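Hi there,

Here is the structure I promised to pass on to you. Please have a look at it first; my notes follow below.

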Amino acid sequence: MEMAPAAAFRCASCSTHPVPLWPLLWLVAVATRPALALTEQYPTLSLLRQELHRQQGQGGKGCPEFLAAEWGGEQCAAAAGDCDSSFLHLHESDCELRGSPSCEPLLSLNTENFLFNILNVLQSQAKSLAEQKRFPFATDDDNTNEGLAIAYVLIGSGLYDEAIRHFSTMLQEQPELISAIYGRGIAYGKKGLHDIKNAELALFELSRVISLAPDHPEVFEQRAEILSPLGRISEALADLTKAIQLKPSARLYRHRGTLYFISEDYATAHEDFQNSLELNKNQPIAMLYKGLTFFHRGLLKEAIESFKEALKQKADFIDAYKSLGQAYRELGNFEAATENFQKALMLNQNHVQTIQLRGMMLYHHGSLDEAIKNFKRCLQLEPYNEVCQYMKGLSHVAVGQFYEGIKAQTKVMLNDPLPGQKASTEYLKVKYLREYSRYLHAHLDTPLTEYNVDMDLPGKFKNHWAKNLPFLIEDYEEQPGLQPHIKDVLLQKFENYKPEMQEMICVVDHLGSLMQYETPGFLPNKRIHRAMGFAVLEVMQAVQRTWVNSKVRMNGKTRLMQWRDMFDIAVKWRRIADPDQPVLWLDQMPARSLSRGFNNHINLIRGQVINMRYQEYFEKMLRFIKDRILVYHSANNHKELLEVREALDQVHKVEDLLPIMKVIFFLQLIFDDINVKILQQLNSKTRDGFTVNTKVPSLKDPGKEYDGFTITITGDKIGNILFSVETQTTEERTQLYHAEIDAFYKDLTTKGKILVLSAELGEADAVCNLILSLVYYFYNLMPLSRGSSVVAYSIVMGAIMASGKEVSGKIPKGKLVDFEAMTAPDSEAFSKIAKDWMNLKSISPSYKSLPLVSESFPTLRTMIEALSTDSSHCLKRL
């Protein structure tokens, strides 16, 4: 008796053909199950409960959520007035919480009544949609509309196959029924694009609709939503552009902006998000993405303002807090970053991405114990998170917990990428880290003077590691596994150190802080500060001893100290501060690698992605390039010099150089290889580009010049540029620079010995100039795979302290010492610039009473202990 209404529920447009109701009849087949179990197994029933309750509360008016989601909202909004979502969002019903009587029949354990009510809900929904024509491409025929409405209700219920069969039945009688074609395309798309057949059928149906009704923006938008997950971004962008031309909307601009953002076209994405916000200001997601377009272009302050604006619109916006935290982290503001990450986690303590980002920030701040806690929490929530697993392993190794560290690294190694899947960065790096971790563990208790990392590690291993290549090394013999008799490093409490050791730790923390760059992209790292502070103090002590007797013990032998020994002190500390980075001497790489040239390469601008660390130097480099061009033409093409000068006067930023250089090129001002060279077209996608080579004058051989670094600017057809700098380390170039450094070190040793016997001010100034000149050539050589800058500056500070002076000034905001040296015309100019901020003063006598660093920390174990101990007590002493 109760099923009679179902039998009478027919599609009037199909005349004598009953409407297919197999999904509901299928429910009858399982009617013996409790109704509650059905709602758990089939979440679409929850959606129907919610929709029924919402319509009861609103008098049946408005736009059903699932239909608005399917149809893009535009057409539905025309009838209902307020829908603006193109994505399907299913929410659990809150009927139980509100206790609405309208929900009670659906939750009844009387299965027959339950099914009866479900049928009535479907019938009511379809009838309401048909009467109000609240679905796409409604017709003027009421019977047809009722049949279409039933199929759209099936889509909204997640019964896509049933909806497809229903639309297909109707299309047998009306082959060009646009609403049925459109609905069938939507249903194919909703079935899942992981099956390429669904995607192809969805695109076929939507393309048919466009051919029949080309003036409907929602169809172009739906097709774009199918195309973009398939990687067909350009086609999706074309569809969205057509939709915007037909009927601009905030959602369409936001959707297209998102695709431009994915394509790394941040400037165009920014325009779309801005257009979207002008049409509808209250869009926290659009505001967030607008901020991200700033972030990726290096405009951090603008990004922060946008993230804050998003939070004004949505106070509980977790992603905005997370992004704000990351922006502050890139600015180097650890406190503000921590605050915003914490706000995100207060809203959702299990937000994995925020936990991961906070953990990485803590690692790069030198707070390794706290970082480990975050990575452990991340892995509790996502056991297969490769980033957290890798960083957990790295953090454990850095503090000397090798067993836990290598166990985590092995888990990353076991997570092989699937065929055709790109390997993650962590997967590519982890085997290098594991091999290096094993090497470090084996040498934990070996005196530091008895082994040499550069000599011990295999050449091919070092070459691949430094170049970030996949671990494909022929005939590689793995490092021995962990030796059970070598125990992990134990944390040493600060108060357990002797008072003079405590004093030394506090002193080196201060010394290291003087090396901090006050530039976006450089987060203060207290672990690096301490390590390089130790380097400064040990260099001071070693140089002082050298000026007295000139001998040191290195690699098990006692011999005269050379400049390389001095730098090796700093390299030793820099290596252990962060074992993730290969700090290796490039001249110790395999001969084959050196013969090809080992490049230290930095992208300053890649497309629209700006390296924010070096922005302060863009204008200086632009002036340098323009000066070099004018110098060349004044000497070689005097007739055209005026035209060249006028052309260069139009250049105000690096991006303007390429079109101007084309003008110069067509003036037939083709540069030779003295300073500037026109590059051949690199490939079919690039335009002409050019390079500018700096020259470093020799002081040892006046009039002679060495190759410095190379500035390269190239462009593509759509106007994106690549602006980069690199130094090429070849054996010949290295030997030239080594000869220069050898000469300065010899003079430095001679002057140092005189200084020990004399307290004349002039001798101290001469020693300071020699030290700065020596590192000027070191900076321009860039002889390490990582860390050349901080290593060199620690030598400056330590050697100057050995001369009786100390650096008291901080590096000015925006200044990078290595770039100051590389862009200075000569060593004298660099020395003058550096002395202006170093604010040299007489050294404090207290340094003489400090213990010898080399004797206090003779092994890797003792170094790790010293770097890991808590020094918060030092703040109380200041």
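Let me start with the salt bridges: there are 32 of them in the structure. The term stands for a side-chain nitrogen of Lys or Arg within 4 Å of a carboxyl oxygen of Asp or Glu. The background is simple: side chains of opposite charge can pair when their charged atoms come close.

Before the details, a word on the model. It is a predicted one, with local features requiring pLDDT of at least 70 and side-chain atom pairs counted only at pLDDT 80 or more, while totals for chains, interfaces and linings use all residues. Residues are numbered from 1 along each chain as its sequence is written, and side-chain values use heavy atoms, with hydrogens and water left out.

Salt bridges

One of the pairs is Asp239 with Arg223, at 2.6 Å from N to O. Helices here are DSSP runs (H or I, at least four residues), numbered from the N terminus. Asp239 and Arg223 are both buried. For that word and its relatives, buried means under 20% relative accessible area, exposed means over 50%, and partly exposed is in between (1.4 Å probe, protein chains only).

Arg564 pairs with Asp587, and their closest N and O atoms are 2.8 Å apart. Arg564 counts as buried at 18% relative accessibility, while Asp587, at 22%, counts as partly exposed. There is also a network: Lys431, Arg434, Glu435, Arg438 and Glu478 are joined into one by salt bridges that share partners.

What about Lys133 and Asp140: how far apart are their closest N and O atoms? They are 3.7 Å apart, and the two residues form a salt bridge. Lys133 is partly exposed, at 37% relative accessible area, and Asp140 is exposed, at 76%.

Disulfides

Searching the whole structure turns up two disulfides, the cut-off being a pair of cysteine sulfur atoms within 2.5 Å. Cys378 is joined to Cys388, with an S to S distance of 2.1 Å. The torsion about their S-S bond is about 90 degrees, so this disulfide is right-handed. It ties together parts that are 10 residues apart in sequence, because Cys378 lies in helix 22 (residues 368-381) and Cys388 in helix 23 (residues 386-398). Both Cys378 and Cys388 are buried.

Cys506 and Cys874 form a disulfide with their sulfur atoms 2.0 Å apart. This link is left-handed, with -85 degrees about the S-S bond. Cys506 is in helix 28 (residues 499-513) and Cys874 in helix 42 (residues 872-877), so the pair connects parts that are 368 residues apart in sequence. Cys506 is buried at 13% relative accessibility, and Cys874 is buried at 7%.

A nonpolar patch

Finally, Val548, Val756 and Leu757 make a nonpolar surface patch of about 350 Å². Patches consist of residues with over 30% relative accessible area and no salt bridge, where like charges are joined within 9 Å and nonpolar side chains (Val, Leu, Ile, Met, Phe, Trp, Tyr) within 5 Å. Accessible areas come from the Shrake-Rupley method with a 1.4 Å probe, and for residues only the protein chains shown count as cover. Val756 is placed in helix 35 (residues 731-757) and is partly exposed, with a relative accessible area of 47%.

Best wishes

Conventions:
Helices (H or I, at least four residues) and strands (E, at least two) are DSSP runs, numbered from the N terminus.
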